[in-house]
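Let's take a walk through a protein together. Have a look at the sequence and the model, and then we'll go from the whole to a few local spots.

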Amino acid sequence: MIVTVFITNVLLPNFIETQSDFLFISRLGIYSGLILAGFMSYSVAKTSFLNMKVISAQLFSVAMVLVFFLQLFSLQTKSDLFFKVVFLFIVIYFSKMIVSSVKSEVQRKEELQLMSDKLAQANDQLRKLDNAKSEFISIASHQLRTPLTAIKGFISLMLEGSYGKMAPEQVDVLNKVYSSNERLVNLVEDLLNISRIESGRMEFQFDKWQIENICQEVIDTFVLKAKEHKLYLEYKKPNQPLPELIIDGVKVREVISNLVDNAIKYTLEGKGGVTLKVEQRGESIRVTVSDTGIGIPESELPYLFAKFSRGKDTSRLNTGGTGLGLYVGKTMIENNGGKIWAESDGQGLGSRFIIELPIVKHKEEAEERLQKFINKI
Ligand code: ADP
């Protein structure tokens, strides 16, 4: 519009000599205004009032073309006319290029916006589905846990002879039923833990714990299992008592138990054993579970703590594994402000699983750290 005003009010009056000139130029002004208005409405309608960039580019181009077109009326010589016509075509060509490049840029942006809207919708849908899945796992696992606990209880009573003496073959079969049931109980417990982690419902109870006692309890639990596998189970603890830790001892015990259980599972029968070591390292306590087992290839180390991650070789040795224990364990240790990682010198050369827990003096400090960790995820 500014350009039109400039043309009709500043540029063109220079050419007015007669009355017919005046009439022609004033008509020209009206027509150019009409053309501009038409162009503007066309742009606005086409771009749904959104792409001001396109509208401005189109207006700018039309104005440029108009200015150079009007220049033709001020011609003096033939060569002058020739250059002005050529120039006008050049201007038309570049104006078209500018408009089409702005249009395609706007179109690309619109497509991107559309795609990001669709992605946001899909993401929302996925989150809902994920919540529904966690809810389903949680309900299903709770329903499964009750009958499994009842089965476990009755088998224990039968094995103790509460329902009469049994033949050795019956005891043998019942022991197999018991261990299969145990596997199911562990699986259900892992699934429940996963759904608690994913829905942020895993609760932590921080109290004062003596880590040496926790480790001793784990050792006591696995003495028999290690013996059955013809493996040694060694416990190395410092001579001096370690400082108390403020942790969720039940969860930390669960993690150490899983590490010792794995160490026994993934060591071939009669080929060495497992060592559980606990020590102070500066401002933290370190628990190391090392074994002389099948080891872990370097390529598998980075994925070990991921959900459902199982080593290639290990599935042959322990067909009942789920690949959930280390994932759950990592979350539990991190929620206690600690770190957990694995080391191995390679296949067949044993493994070391290391937990480091900070020495925290006040309960509030542990709770604050947990809150920070939760906020981070
Ligand atoms: P699961 O033992 O049920 O498969 P985990 O999450 O406890 O699940 O372990 C994940 C994987 O880590 C195992 O499948 C195995 O490949 C590897 N792993 C764990 N502990 C050891 C170990 N002590 N020695 C060798 N590999 C191990």
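Before we use that, a word on the model: it is predicted, so local features need pLDDT of at least 70 and side-chain atom pairs count only at pLDDT 80 or more, while totals for chains, interfaces and linings use all residues. Residues are numbered from 1 along each chain as its sequence is written, and side-chain values use heavy atoms, leaving out hydrogens and water.

Now for the overall picture. The protein has 10 helices and 7 strands; helices (H or I, at least four residues) and strands (E, at least two) are DSSP runs, numbered from the N terminus. Of its 377 residues, 35% count as buried, meaning under 20% relative accessible area with a 1.4 Å probe and protein chains only.

Next, find Asp248, in the loop between strand 3 (245–247) and helix 7 (249–265). Asp248 is buried, because its relative accessible area is 3%. Leaving aside neighbours within four places in sequence, Asp248 is in contact (heavy atoms within 4.5 Å) with Glu203, Phe204, Gln205, Phe206, Trp209 and Asn336. The C-alpha atoms of Asp248 and Ala366 are 9.6 Å apart, although 118 residues separate the two along the chain.

Helix 9, residues 325–335, is mostly covered, with 8 of its 11 residues buried. Among them are Leu326, Tyr327, Val328 and Ile333. Just past helix 9, Gly337 takes a positive phi of about 80°.

Our last stop is Ser284, in strand 5 (residues 284–291). Is Ser284 buried or exposed? Ser284 counts as buried because its relative accessibility is 14%. Beyond its neighbours within four places in sequence, Ser284 is in contact with Glu279, Glu356, Leu357, Pro358 and Ile359.

Note on methods: Buried means under 20% relative accessible area, exposed over 50%, partly exposed in between (1.4 Å probe, protein chains only).
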